[in-house]
Amino acid sequence: MMQSLAIASGGALGALLRYWVSTGIYGAIGRVFPWGTLFVNVSGSLVMGVLYILLVERSTLGGEWRGFLIIGLLGAFTTYSTFSMETVVLIESGEPLKAVANALASVLLCVGAAWAGVLIGRHL
């Protein structure tokens, strides 16, 4: 139960942070390019890499903190961080072809799914 509460509270905070950061960037420089989302995804991936080492490999904090920070906070801040970390793990595990396949499939399938959703939504 404590793990679930930690994840839920981290998720709420992560969602708010994503909103505040991305809208702050868009407010400052406009929306000619998705800089807000790009910044959130890249910074979340960076933080995920650091936290993965500290919390998963080194186990410096308990499971509730890992759930709060990695699954909840970063999961809501950006799912790109999880994708990035999984791809890095594949590379470091000596699976570069799987890493490339994961990257290509994730980008192509997610963009394709978003496009399909737009097309479906336009017809509803």
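Helix α1 has 28 residues, which at 1.5 Å a residue should span 40 Å; its end C-alpha atoms are 40 Å apart, so the two values agree. The expected span of a helix is here 1.5 Å times one less than its number of residues. Helices (H or I, at least four residues) and strands (E, at least two) are DSSP runs, numbered from the N terminus. The model is a predicted one, in which local features need pLDDT of at least 70 and side-chain atom pairs count only at pLDDT 80 or more, while totals for chains, interfaces and linings use all residues. Residues are numbered from 1 along each chain as its sequence is written, and side-chain values use heavy atoms, with hydrogens and water left out.

The buried residues of α1 are Ala-6, Gly-10, Gly-11, Gly-14, Ser-22 and Tyr-26. Buried means under 20% relative accessible area, exposed means over 50%, and partly exposed lies in between (1.4 Å probe, protein chains only). The buried residues of α1 pack against α2 and α3, where contact means heavy atoms within 4.5 Å. Gly-30 follows α1 and has a positive phi, near 90 degrees.

For the whole protein, the count is five helices and zero strands, and the pattern along the sequence reads α-α-α-α-α. The C-alpha trace spans about 45 × 35 × 30 Å along its principal axes. Of the 124 residues in the protein, 23% are buried. Among contacts with a separation of 6 or more, 54% are made by residues 24 or more positions apart.

Rings of Phe, Tyr and Trp (its six-membered ring) pair if their centres lie within 6.5 Å, with planes under 30 degrees apart counted as stacked, over 60 as edge-to-face and the rest as tilted. By this rule there are three aromatic pairs. In one of them, the rings of Phe-33 and Trp-35 have centres 4.5 Å apart and planes at 50 degrees, so the pair is tilted. Phe-33 counts as partly exposed because its relative accessibility is 38%, and Trp-35 counts as partly exposed at 42%.

Helix α2 (35-57) has 23 residues and reaches 31 Å from its first C-alpha to its last, close to the 33 Å expected. This helix bends by about 30 degrees at Leu-51, the bend being the angle between axes fitted to the seven residues ending there and the seven starting there. Its buried residues are Gly-36, Val-40, Asn-41, Ser-43, Gly-44, Ser-45, Met-48, Leu-51 and Leu-55. The cover over these residues includes α1, α3 and α4. Ser-45 is one of the buried positions, with a relative accessible area of 18%. Leaving aside neighbours within four places in sequence, Ser-45 is in contact with Tyr-80, Ser-81 and Ser-84. Leu-38, also found in α2, is partly exposed because its relative accessible area is 36%. Leu-38 and Tyr-80 are 42 residues apart in sequence and 9.7 Å apart in space, C-alpha to C-alpha. After α2 comes Ser-59, whose phi is positive, near 50 degrees.

The largest nonpolar core has ten residues: Val-40, Met-48, Leu-51, Leu-55, Leu-69, Ile-70, Leu-73, Leu-74, Phe-77 and Met-85. Helices α2 and α3 (63-77) each supply at least two residues of this core, and α3 gives the most, with five. A nonpolar core is a set of buried Ala, Val, Leu, Ile, Met, Phe, Trp, Tyr and Cys residues joined through side-chain atoms within 4.5 Å. Ile-70, a member of this core, is in contact with Met-48, Leu-51, Tyr-52, Leu-55, Val-56, Trp-65 and Gly-75, leaving aside its neighbours within four places in sequence.

Helix α4 (80-92) contains Glu-92, which counts as exposed at 65% relative accessibility. Between Glu-92 and Leu-51 there are 17 Å in space, C-alpha to C-alpha, and the two are 41 residues apart in sequence.
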